[in-house]
Amino acid sequence: MENGEKDVWRRQGRKCISILKEVKRVKTYIHPNDEKIKEFIQKLEVKHKDLEEVVHVIFKWFDSNVQYSRLNAPFYPLQRSDLDVLDMLSGTCGDYSNLLVSVLIALGYESRYAYLCAMDS
């Protein structure tokens, strides 16, 4: 590997580390102990289902009830919490993941975010 390539990998590595530090702050976007999350779980009747069924039911709910959009409620917040998604019925894939992770934690599943960092070419 030549020096130029090494520099590119170093910059990309620093960029990924910076992004991961931001992702650690995401915990404020989930509220697994909130009453609204508990009510949502009750409404979906997923409390005694296995993980695959839970995820299927939640994604089906997203598809039927949530508009995929960042542009509702004008441009705020840029990233929505689990509670925002329930209130606004709007969000993006990152917002959906906040609700999904929150529900899974509330149900007792070990859950966390996975962030993939692709290298620029």
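Which backbone oxygen does the side chain of Arg-80 reach?

Modeller: The side chain of Arg-80 reaches the backbone oxygen of Ser-69, at 2.8 Å, which is a polar contact (a pair of N or O atoms within 3.5 Å, where within protein one must be able to donate a hydrogen and the other to accept it, and residues adjacent in sequence count only if both atoms are side-chain atoms). Before going further, please keep in mind that this is a predicted model, in which local features need pLDDT of at least 70 and side-chain atom pairs count only at pLDDT 80 or more, while totals for chains, interfaces and linings use all residues. Residues are numbered from 1 along each chain as its sequence is written, and side-chain values use heavy atoms, with hydrogens and water left out.

Arg-80 sits in the loop between S1 and H4, where helices (H or I, at least four residues) and strands (E, at least two) are DSSP runs numbered from the N terminus. With a relative accessible area of 1%, Arg-80 is buried; buried means under 20% relative accessible area, exposed over 50%, and partly exposed in between, with a 1.4 Å probe and protein chains only. A polar atom of the Arg-80 side chain also lies 3.3 Å from the backbone oxygen of Ser-90.

Ser-90 belongs to strand S2, residues 90–91, and is buried at 0% relative accessibility. A polar atom of the Ser-90 side chain lies 3.1 Å from the backbone oxygen of Ser-69, the backbone oxygen that the side chain of Arg-80 reaches.

Arg-80 and Asp-95 meet in a salt bridge at 3.9 Å, N to O, the term standing for a side-chain nitrogen of Lys or Arg within 4 Å of a carboxyl oxygen of Asp or Glu. This pair links distant parts of the chain, for Asp-95 lies in helix H5 (residues 93–106), and the two residues are 15 apart. Asp-95 is buried, at 1% relative accessibility. Helix H5 also holds Ser-97, which counts as partly exposed at 22% relative accessibility; Ser-97 and Ser-81 are 16 residues apart in sequence and 9.2 Å apart in space, C-alpha to C-alpha.

The structure holds two salt bridges, and the other pair to look at is Asp-87 with Lys-36, whose side chains meet at 3.2 Å, N to O. Asp-87 lies in helix H4 (residues 82–88) and Lys-36 in helix H2 (residues 35–44), so this pair ties together parts that are 51 residues apart in sequence. Asp-87 is partly exposed at 48% relative accessibility, and Lys-36 is partly exposed at 38%.

Of its 121 residues, 31% count as buried. Among contacts (heavy atoms within 4.5 Å) between residues at least 6 apart in sequence, 59% join residues at least 24 apart.
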